[in-house]
Amino acid sequence: MTEARDPGEGAERLRESDRERLGASRSITDDQGPGGRREGAPPLPPPVLVEPDFSALATSAALACETPIALVSVIGAGDRRLTGRTGAGAEALNEQALSFFPCTIQGRELLEVPDARDDPRFRDDPAVTGEPGVRFYAGVPMIGRSGNVLGVFCVMDRRPRRLSDERHRILRSLAASATSLLKTYRYARQSDQIIHGLQEVQDLKDQFLRTVNHELRTPLTSIRGYLQLVREGGLDEATEHRFLQVIERNSEHILGLIDELLLMSSLNARTAVFTPERVDLVAVVRRAVGDAAAEAESRGHTLRLEAPPSMTAWADARRLQHALDHLLENAIKYTPDGGTIEVTVTADPARRIRIRDTGIGIPPGEVERVFEDFYRTQQAEELTGGTGMGLPLVDKIIQLHGGSVRIDSEPGKGTSVRVTLPVPPSDPAPD
């Protein structure tokens, strides 16, 4: 019998063990019940997912060891517990309360307790003093390839006894089978995630191709139409000049889209030119705000900048302003006319730029996804055109600087984007 020091210590180790990511079980039981959780009630224990394959192994162990109860208990995805069990009373056992389990995990080998009532470690355990009245226990830790304990495979009886060496071998063999089965589930789960991820990539690719087709075709069609009118002649000088301005504006739109695509590609390939130097961060922000002022005014927005006279940062000024241009463009575009956009520059000591608007906001489930290449929220799709490259480009450019971008948003109340840049390196000491 393996000696254990403290069941509480073992329980803590169980919580810190390798919690393998598993897929959903094919059979779900022990639910919260039709009434759900009452308001003010204590937190419910993690739901138990009973896996038939584990239950089959538990049944085999009970038959081989001639015990009325057998249990497989492993940690599932998140806070769920995946189990297999057989025997009346097995459903009442919980690895957080049952002191046999932490001791099994702590010992990291087969633990046999011939009579729990005679063992000071277990005599007061609820499973011993109450239902199901455990007297005998034999359990094997399920140890993964990384050496972490993934769970416990055990048999129990309501009377004192001992297992033979042959039955010890059988119990260890079935525990190894349960561990291998757990590994199979993990690989299946990973495969499902990969397939799902590939489908998402394909969906984004299809959406991007549709968007780029529209973004290119529309200005090209306009250019062809106006060129045809100019070629036919008969236009007065003012009209011809206006048509040429439209052609030039659409040409710049196409060139800008191509530049963004090339920049996205070079940032993803880590080949983008990046030349950081000591710059005045406030001056960079002022230029970006100045460039956005006319568009903000045309929408009736109030655009305010709050910043100290100057602030040194280590940055590629051109790349950084490109990122700020995108953030300001989004703030203006997704804020209803007459809104407010505030830009703040601070140092504490990291350099921070915050752009806060009173716009439409972003749904909570989509805040993280807006940094994915070409992803656009449904609300953005409905409101205005775009390619889904703006925020991904911002994120990649700021990462290139060693900084970070954080978005806090609430639908209908606006969005706050905080760009954090590292403290610039100190000047070298003079020789």
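**View 1. Helix 7 passes helix 8 in a right-handed crossing**. A crossing is right-handed if the near helix is turned clockwise from the far one by less than a right angle, and left-handed if anticlockwise. The model is predicted: local features need pLDDT of at least 70, side-chain atom pairs count only at pLDDT 80 or more, and totals for chains, interfaces and linings use all residues. Residues are numbered from 1 along each chain as its sequence is written, and side-chain values use heavy atoms, leaving out hydrogens and water. Helices (H or I, at least four residues) and strands (E, at least two) are DSSP runs, numbered from the N terminus. Helix 7 covers residues 281-298 and helix 8 covers residues 317-333. Their axes come within 9 Å and cross at roughly 35 degrees. Axes are lines fitted to C-alpha atoms, for helices over the stretch in contact, and angles run from 0 to 180 degrees between N-to-C directions.

**View 2. Residues of helix 7 meet residues of helix 8**. Contact means heavy atoms within 4.5 Å. Helix 7 brings L281, V284, V285, R287, A288, V289, D291, A292, E295 and A296. Helix 8 brings A317, L320, Q321, L324, D325, L328 and I332. By class, 12 of the residues in this contact are nonpolar, one is polar and four are charged. Ala, Val, Leu, Ile, Met, Phe, Trp, Tyr, Cys and Pro count as nonpolar; Asp, Glu, Lys and Arg count as charged; the others, Gly among them, count as polar.

**View 3. Helix 8 also packs with helix 10**. The angle is about 145 degrees, and the axes are 9 Å apart. This crossing is left-handed. From helix 8 come R319, L320, H322, A323, H326, L327 and N330. From helix 10 come G390, L391, L393, V394, I397 and I398. The contact has eight nonpolar, four polar and one charged residues.

**View 4. H401 sits in the loop between helix 10 (390-400) and strand 12 (404-410)**. H401 has 7% relative accessibility, so it counts as buried. Buried means under 20% relative accessible area, exposed over 50%, and partly exposed in between (1.4 Å probe, protein chains only). The H401 side chain reaches the backbone nitrogen of D316 at 3.0 Å. A polar atom of that side chain also lies 2.8 Å from the backbone oxygen of I397. Leaving aside residues up to four places away in sequence, H401 touches F274, W314, A315, D316, R319, L320, L421 and P422.

**View 5. Helix 6 is capped by D236 at its N-terminal end**. A side-chain oxygen of D236 lies 3.1 Å from the backbone nitrogen of A238. Helix 6 has 32 residues, 237-268. At 1.5 Å a residue they should span 46 Å, and the end C-alpha atoms are 47 Å apart, which agrees. The expected span is 1.5 Å times one less than the number of residues. Among the buried residues of helix 6 are F243, V246, I247, N250, I254 and L257. R270 follows the helix, with a positive phi near 60 degrees.

**View 6. D115 lies in the loop between strand 4 (111-113) and helix 4 (126-129)**. D115 is buried, with a relative accessible area of 14%. A polar atom of its side chain lies 3.1 Å from the backbone nitrogen of R117. Residues up to four places away in sequence aside, D115 touches R135 and P160.

Technical notes
A polar contact is a pair of N or O atoms within 3.5 Å; within protein, one must be able to donate a hydrogen and the other to accept it, and residues adjacent in sequence count only if both atoms are side-chain atoms.
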